[in-house]
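Work through the exercises below with the model open. Each task is followed by its solution.

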Amino acid sequence: MKFTEIRSYRAVRWLTTRLEEASRQPDRGDISITTVIIWVAAVGGALAIAGTIAVVIAKYNLSLSGV
């Protein structure tokens with residue numbers, strides 16, 4: 001019981017501190033559109049590369065088995 005009480009107190013204290021900090025810095029956490037575009041392009045590029053590799057491996061699977 002005491003352990004649960006201590007954990008609850010810590011959680012409430014942490015949440016209170018985070019809320020106070022957020023009220024002092026209301027702009028914190030905003031992501032610019034440029035960042036979103038860069039992330040989407042990076043993930044799209046990675047998926048395109050992975051897809052290309054998968055297609056090449058599937059196409060030449062028998063030829064590569066002897067390597």
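**Exercise 1.** State the mean pLDDT of the chain.

Solution. The model is predicted, and local features need pLDDT of at least 70. pLDDT is the predictor's confidence in each residue, from 0 to 100. The chain's mean is 82. 84% of its residues reach 70 or more. Residues are numbered from 1 along each chain.

**Exercise 2.** List the elements and find the lowest and highest mean pLDDT among them.

Solution. Helices are DSSP runs of H or I, at least four residues; strands are E runs, at least two. The chain has three helices and zero strands. The order from the N terminus is α-α-α. Helix α3 (residues 61-64) has the lowest mean, 74. Helix α2 has the highest, 93.

**Exercise 3.** Is Val36 buried, partly exposed or exposed?

Solution. Apply the cut-offs: buried is under 20% relative accessible area, exposed over 50%, partly exposed in between (1.4 Å probe, protein chains only). Val36 has 38% relative accessibility, so Val36 counts as partly exposed. Across the 67 residues of the chain, 0% count as buried.

Technical notes:
Predicted model: local features only at pLDDT ≥ 70, side-chain atom pairs only at ≥ 80, totals over all residues. Heavy atoms only, no water.
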